Amino acid sequence: MKPVRTYRLTCLSEALSPITHMMGTSGNESIINREYVYTQGMTKAVPVLSGNAIRHRMVREPGAMYLIRQYDLEGQMSIDMANFLLVGGSLSQSSISDNLRQIAQMQTLFPLLRLLGGSLTNQVVGGSLYVLRGVMLCEENRRVLSRMLPDGYDLPNTDLRSCEEYVSEYQYTRGDARRLQGTQKLLSVPDVPVTPTLAADGFVDDLLGEKSNLMLYSGQTVKTGAMFLHGFYCQNISRLELGALYHALALWEQSGSTIGGQARIGHGRIQLSMLHADGKDFYGTEIDPAECVTAYIEHVQQHRDDAVDWLQTAFPLKESRKKAKAVDLLLGKDG
Amino acid sequence: MIKNWQLTAYLLSPLAGDPPRLDAVLMRELAQRMGMSTSKITRDTPLSEVMFPPIPLVFDDIDGRRIYHCSDPILPTPRQEWVDYHAKRLESDKAALLLREDQRKKLLVASGPYKMRRAPARIRLVNVVVYFVRGDRKEINKLTKKIRFLGKHTNIGYGMVERWEFFETEEDLSIYAVRTGKRVLMKTLPAGECLRDVCGYRLSYGAASPPYWHPENYSKIGVPA
C-alpha cells in the first residue's frame, strides 16, 4: 500500500435545521458553544462547532459502528471493548512498558483506529487525524476564513453577515400527562366526578397532592442556513486510513448527518460539502477517494477474524479471565 | 548558514495549554523523518542508549547537558483567556445492546475507567508564538514547515499554525538577553554556574534538555519568569 504523506480535506457545512451545539447554561437557558475571536480591535464570542464534536460524531462513532456490525460484535462485546471502539478507551491499568506488538497489530488490522488513536487498557496510542474546528462564515471570522480557504476560493469583498444574525432561540414545552385533556379518566381519583374544567384548574393535582410537572425549556440555536468551514488534516497516513475517513463521513451522512444536541426533534442537521482535497501519495500520484474506500472495505472484510481475535485478546471478558485462570489451575500452569 | 533568528509561528486557532519548546518539536519531527521510532523510548529507557537526531540548532554543553540555542516559547499577552471543557463519556444508551448479556450491569461513571469526563483546558487567544534561535535557517525551515499545530488538544483543532516566519536578529537572544546591563534568562537552564549574574528566572525542578519528559533529565532548573 503506497503511503500518503499529508492529506488535507476542507469542508463546508450548511445548517439544514437549527444547530444546538451547547457549551453550558446561563440561568435556565442553554447557550451555544462559542469561542473568542479577535476582530476589528476587540474580542468577540463567535459560535463554533468544536473539533471534539466533529471528530466523534462524523468519524469515530459511524466508523466504529461499521466495524461492530461487520465483525458481528453486537451483543458480544465487553464493556472495555465498547468503550475503546465507541469512545476511544481509557487507561485502567498501570504499566511501565509499551506492548509494541499489540500496537503494531492494532494499527495493521484497524486503519480507523490508526487514524484516530485511542487508549488500550494500559497504553495510549496516538492517531494521525487532526480535526479542524467548524469556523462560522461571518464577518468576525474573515481573517481566519481567508487563511483557511484552499487556493482558488476567496471570500466576497462585501461584508459578510455578523455572527449574531445567525443566532436565534428555541423554546419547547415538556407536557404533564395530568394536564392533558382526557387523561383524567385514567387517573385514580375515586368517587369524585372530574370534569375537564376541574382538571384544568388543578383540581385533580390537588386531590393527588402533587404539583404539575409542566416544564418550559429554552436555549440558543444557530439558525438554519448558517455555514461552517472545517476540515480534516492527516499526517503520514496510508490510503487505508484515508478510506476509513471517507467511509466514516459517508456513513455519517447516510445516518442523518447531525451534530450537537436535540437531534431527536430535528435539530442539528447539516449538509457536508467537500470543498477541496489536497494530497498526493509518496510517489506524487493523485489520490482517488473512492478507490481508498473500496480498499478499506476490502481490508476490513479480509481481516475480520484477526481483528476480532485482537479485540478479544486486548479486551477480554472478565469472566473469561476467571475461566482461563481456573483452566490454568486445573492444568497446573499457575505455579 | 548559522545566524540568529526570531522564529514566529502565526496561529489560526486559539492555543490550548502551553506551547512546546522548539528543540523538542524539531527533534520529534526529524526523528520521524529519519525513521527513528519515538514510541520505543519510554521513561525507563536509559538515555545513554538513545540516539538523538541532529537538529539544526547550535548547542552548548552546560553542566554536562546538551543545551540547544533556542529560547523558551514567548507569548504575547492573550487577547482573551478562558476555559473550554471537553466531554467524554461512554454513551450507555447506545452501548447497552452491543454488550454481551452478562456485561449489562451497573456501571460506575463517577470514577474509575468509565468516568464521565468534562475536562477543563486553559485556552488563550494569541496570534503568535515566538522563539529566538541560533541555527541554520534553511534546515530549520525544512522541519517547521511540516509543523501545523502547537500546544495541547491539537487533534481537535487548537493551536493551528498558519505559517512560520524568520526574522534575522543581531544579538543571540536564545539563552540570555542583555537588558539595561543585566543578563535576563530566556531559556530553561540547569541551576548552577550558568545562572550566576542572571536575573528574570525562578527556580524549579524539571528538565532543561530534550526529551523534557524523561526523568533522567530532571534536576534543579532555572525557568524564565
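How far apart do the C-alpha centres of domain 1 of chain B and domain 2 of chain B lie? They are 36 Å apart.

## Ground rules

What you see is a predicted model, in which local features need pLDDT of at least 70, side-chain atom pairs count only at pLDDT 80 or more, and totals for chains, interfaces and linings use all residues. Residues are numbered from 1 along each chain as its sequence is written, while chains are lettered from A and ligands numbered from 1 in the order in which they are written.

## Domains of chain B

Back to those two domains: domain 1 of chain B covers 2-76 + 126-174, and domain 2 covers 81-120. These bounds come from an automatic or database domain assignment.

## A strand on the inside

Now find strand β8 of chain A, residues 129-136. Strands here are DSSP runs (E, at least two residues), and helices are runs of H or I with at least four, both numbered from the N terminus. Because 8 of the 8 residues of β8(A) are buried, the strand is largely enclosed by the rest of the structure. "Buried" means that 20 or more other C-beta atoms, placed from the backbone, lie within 10 Å of the residue's own.

Two strands pair if DSSP finds at least two bridges between them. Strand β5 (residues 42-49) of chain A runs antiparallel to β8(A), joined by 2 bridges, and V48(A) stands opposite V135(A). Strand β11 (residues 227-238) of chain A is also antiparallel to β8(A), with 6 bridges; there, L129(A) has C234(A) as its bridge partner.

## A helix to check

Helix α8 of chain A (residues 239-254) has 16 residues and reaches 22 Å from first C-alpha to last, close to the expected 22 Å. That expected span is 1.5 Å times one less than the number of residues. Its buried residues include L245(A), A248(A) and W252(A). After α8(A) comes G256(A), with a positive phi near 110°.

## Where the chains meet

Chain A brings 38 residues to the contact and chain B brings 34. (In contact means C-beta atoms, placed from the backbone, within 7 Å.) On chain A's side, β8 is one of the elements supplying at least two residues each.

One residue to look for is A82(A), which touches M77(A), L90(B), A95(B), L98(B) and L99(B), leaving out residues up to four places away in sequence.

Note on methods:
Buried ≥ 20, exposed ≤ 12 C-beta atoms within 10 Å, placed from the backbone. Contact = placed C-beta atoms within 7 Å.
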